[in-house]
Amino acid sequence: MLKKFDFDKMPIVEIVNEILVDASKRGASDIHFDPQDQFMKIRIRIDGALTDYSEVPNSVKKNLITRIKIISGMNITESRLPQDGAIKATLQDITLDLRVSALPTLDGEKIVIRILDYSMSSQGLENLGFSPQNYEKVAKMIQIPNGIILVTGATGTGKSTTVYSILQRLNREDTNIITVEDPIEMNIRGINQVQTNSEIGLTFATALRSILRQDPNIIMIGEIRDTETARIAVRASITGHLVLSTIHTNNSLNTIERLIDMDVERYLLSSALSGIISQKLARKLCPHCAQKRPTNEYEKNLFEQILHKEVDEVYTAVGCEECRNGYKGRIAIHEVLVINQEIRDAISSNLRKDKLRELVYSSDVITLLQDGLEKVIEGQTTFEEIIKLIELENDDTPKAGHYGLHDAIKQTNIAHNSNNNNNKNDNNKPKEEHKDKNNDDKDEFNLDNLDKEIEDF
């Protein structure tokens, strides 16, 4: 049911304040002000899904937009160009830290407000939903004094939360940490944080060059967006610095390929890359109303194929007064890759993609699909949520969802086959296979049927 405001009697200042406070109390991550012909629609995003919140008549639409632009520091006379702003305020004893974006559209300016929530970062690395195996790998990874650790995922998958949690774990008296961000999303005491400003030439690349002269131990780059930033980050890591950053890729293999596509020298990348943390967010089951149901044949087969487990029951979303359609909050699923020597050799020697995939997923890695299905068994989320995430993994083509799921299964099978082979064979076998990596005629994986199925889809 839409929230009603008395626009004739309530001042626009109070209406805007009420919208911001109410959205924050509901746990929204974003507020959308969408201009339309007859009115402006307000929508809020909760647990990753947008829902209608209220409607604003056109008679007060301009005043509402103007008020938001004033408190976010935007130019109220400019409506033809996109603008960015920020709001920091305390309303009704609630501290708000907001990022505001204005975009001119056919029906007027569209405003989107991002509500920043640092509660998860403040709770620590151990409370981010890592499985015990993945948490142990991350904990060891961040103790390495140099190299690059990348946190990857799409927009809104909690990459910044993970990076800030790592920074707080590493923030010690004997460590000089410098960050370069756009924007600075969380102010951490004891860390030197630099805000980029492209209008005056302070880009990620120019800031990084100066940071290297500031005697840093740890450097955090808000995002690797271009070739120049990627190259400087790699060089910073091989000169004795630990570099943390984020990048928009789907999984570990895609991350390596993206950095190579950015023209980072292979021999430098192989030496610099220490680990990759890939993550997605799934809606979390409401603990008050979740119920068990029997698994169907498809689900049983997938659990057997991916986890080698017989699963007869899983939890399903029901819905109650405490949640939205059976879900409350979100939980991360992870894929943590620690770069070993074989993967380093493969990167530097330009190994074929299928062979590189084999090496990546035959190492000690739990794929996103595996981690997600384990969380389904634990009752933290639903089977439907995990399959939706995997199928939307590459949603830029009509076939993408179909390929995304098959690709995840393929990578998971490599991990399982590797574990089984390691139990049967001696430790020298992987090295012998790696020495034969340039023989294109020898491919251990018969993927012809899978590729044909994808093409026919």
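Trainee: Strand β8 (residues 177-181) pairs with β10, but in which sense, parallel or antiparallel, and over how many bridges?

Mentor: The model is predicted, so local features need pLDDT of at least 70 and side-chain atom pairs pLDDT 80 or more, whereas totals for chains, interfaces and linings use all residues. Residues are numbered from 1 along each chain as its sequence is written, and side-chain values use heavy atoms, without hydrogens and water. Helices (H or I, at least four residues) and strands (E, at least two) are DSSP runs numbered from the N terminus, and two strands pair if DSSP finds at least two bridges between them. For β8 and β10 the sense is parallel, and the count of bridges is four.

Trainee: Which residue of β11 is the bridge partner of methionine 220?

Mentor: Methionine 220 of β10 already partners threonine 179. Strand β11 (residues 242-247) runs parallel to β10, joined by four bridges, and there the partner of methionine 220 is leucine 244.

Trainee: Which side chain of opposite charge is nearest to lysine 137, and how far away is it?

Mentor: Lysine 137, in helix α4 (residues 132-141), is buried (under 20% relative accessible area, with a 1.4 Å probe and protein chains only). Its side chain reaches the backbone oxygen of valine 336 at 3.1 Å. Lysine 137 has no salt bridge, which means a side-chain nitrogen of Lys or Arg within 4 Å of a carboxyl oxygen of Asp or Glu. The nearest side chain of opposite charge is that of aspartate 364, at 4.4 Å.

Key. Buried means under 20% relative accessible area, exposed over 50%, partly exposed in between (1.4 Å probe, protein chains only). Lys and Arg count as positive and Asp and Glu as negative; His and the chain ends are not counted. A polar contact is a pair of N or O atoms within 3.5 Å; within protein, one must be able to donate a hydrogen and the other to accept it, and residues adjacent in sequence count only if both atoms are side-chain atoms.
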